[in-house]
Structure formats: C-alpha cells, structure tokens
Amino acid sequence: FRTEFGEKKMLINQIIKDVEVFENEIKIKIVDQDFKEVSNGISGLVMVHTPSVMKGYYRNKELSDTVLKQDGWLVTGDIGYFDEKGLLYINSRMDDMIIKGGMNIYPKEIENQLIQVEEIKECLAYGERKNDTQTIILDVVLHEKYKSISEKEIMKIISKKLPAYQIPSKIRIVDELEKGPTGKVKRRKLS
C-alpha cells in the first residue's frame, strides 16, 4: 500500500512540476481590435504564445497572417476576459459574435441565461443579417410539459431575463436543435 501511495505521490509531484513548467512557457493575453492589451474584466480577443504555436498554415500565407501576429502570438478566435484573480473566461467564438446597434453580443451569454428558464430545455442564439444590421434569432426547445406555450409567451418570459439589447428579434420553437456526431449543438453561422 505504501509503495502504491508513494508512486501516486511521485506522479502527482511530477504533474505539478510539469504544470509549473507550462505556466512559464504559455502566455495568454486579451487584446482589443488594434491588438492592444486590455485590462482585467474587459472582453477582447484571446491570444496565446507558446513554443509550440504553429509557424503558419501550409502554403497559405494570407490565412497565416490573419492568425499569427507580432512575435509569434496566435489569435485563437475566442473572445474572453481575465477576472480580477487572473482567471480566464471565454465568452464566445469571434465568428459567433453578433453586433447589434453597436453592441457586441455573445450568443453563449444569452443561452446561459435562458437555459435557467423553467420552460426552456435547450436554446440556440445566432445572428441574421438584415439589410445593413444584424438581428438576434433564438431557436428554443421546450420541456415536454410546456409544449403548448406560444412564441409570444416565450418572448414575454425571456424579456424579463435579458437586457434589452440581448432580446431576440425572432423566436422559433423547434422540436430539437441540430447536433453533430458528438452530441454538441451545431452553431448556426451569421447568415
């Protein structure tokens, strides 16, 4: 028993040492659209710098230039922020973000609020381009006992949960959300 415990303890100590090594080699920063670092609590592009960051896309300099920036920093495509303790939070993917009335809206924030609503089993928020503006569309799957609720009633319920700028322009009640082979909801891209 002591031998097993000793081996496990040794393994745990090695993992801790490995994490410390990675901590010194992996750098993460949050930047604005001009690639200037932002303060904690402010959302921006997540960038990483590690010895293992790729050198670029094979035979695609243009694409490489869009994700590889100054001194080997990689734009991950995520939008996130550091809290006051230095913990990283990911809001959304950059290409999922909806810009409505000059506001950056992260579909995941909407979904995280609405999944707490008793009537809603699942939901998916996404943007739709209409003329020169973007609108928010919300697909909703209702729990079985609430299947008779109308889109108008759902709108009334969620209007109490969301700030005005996050309220969708259109709600669609659907039987299920489209999912990939792993069971993850397929996110709709801005149309």
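This is a dialogue on reading a predicted model.

Student: What should I know before I start?

Tutor: Residues are numbered from 1 along each chain as its sequence is written. In this predicted model, local features need pLDDT of at least 70 and side-chain atom pairs count only at pLDDT 80 or more, while totals for chains, interfaces and linings use all residues; side-chain values use heavy atoms, with hydrogens and water left out.

Student: Which residues of helix α3 are buried?

Tutor: An α-helix has 3.6 residues a turn, so residues three or four places apart point the same way. Helices here are DSSP runs of H or I with at least four residues, strands are runs of E with at least two, and both are numbered from the N terminus. Buried means under 20% relative accessible area, exposed means over 50%, and partly exposed is in between (1.4 Å probe, protein chains only). In α3 (residues 107-114), the buried residues are Pro107, Ile110, Glu111 and Leu114. Seen down the axis of α3, they fall within an arc of 95°, so they line one face of the helix. That arc is taken from the directions from the helix axis to the C-beta atoms.

Student: Which residues touch the most other members of the largest nonpolar core?

Tutor: In soluble globular proteins, nonpolar side chains tend to be buried together. A nonpolar core is a set of buried Ala, Val, Leu, Ile, Met, Phe, Trp, Tyr and Cys residues joined through side-chain atoms within 4.5 Å. The largest one has 18 residues, and Ile110, Leu114, Ile120, Leu138, Val140 and Ile158 touch the most other members. Two or more residues come from each of α3, β8, β9 and α4. Strand β9 gives the largest share, four residues. A second, separate core has eight residues, including Leu45, Met47, Met97 and Tyr106.

Student: How many salt bridges does the structure hold?

Tutor: Side chains of opposite charge can pair when their charged atoms come close. A salt bridge is a side-chain nitrogen of Lys or Arg within 4 Å of a carboxyl oxygen of Asp or Glu. The structure holds eight. In one of them, Asp78 pairs with Arg93, and the closest N and O atoms are 2.9 Å apart. Asp78 is in strand β4 (residues 73-82) and Arg93 in strand β5, so the pair ties together parts 15 residues apart in sequence. Asp78 is buried, at 18% relative accessible area, whereas Arg93 is partly exposed at 36%.

Student: Where do Arg172 and Asp139 lie?

Tutor: These two form a salt bridge, with the closest N and O atoms 2.7 Å apart. Arg172 lies in strand β10 (residues 170-173) and Asp139 in strand β9, so parts 33 residues apart in sequence are tied together. Asp139 is buried at 3% relative accessible area.
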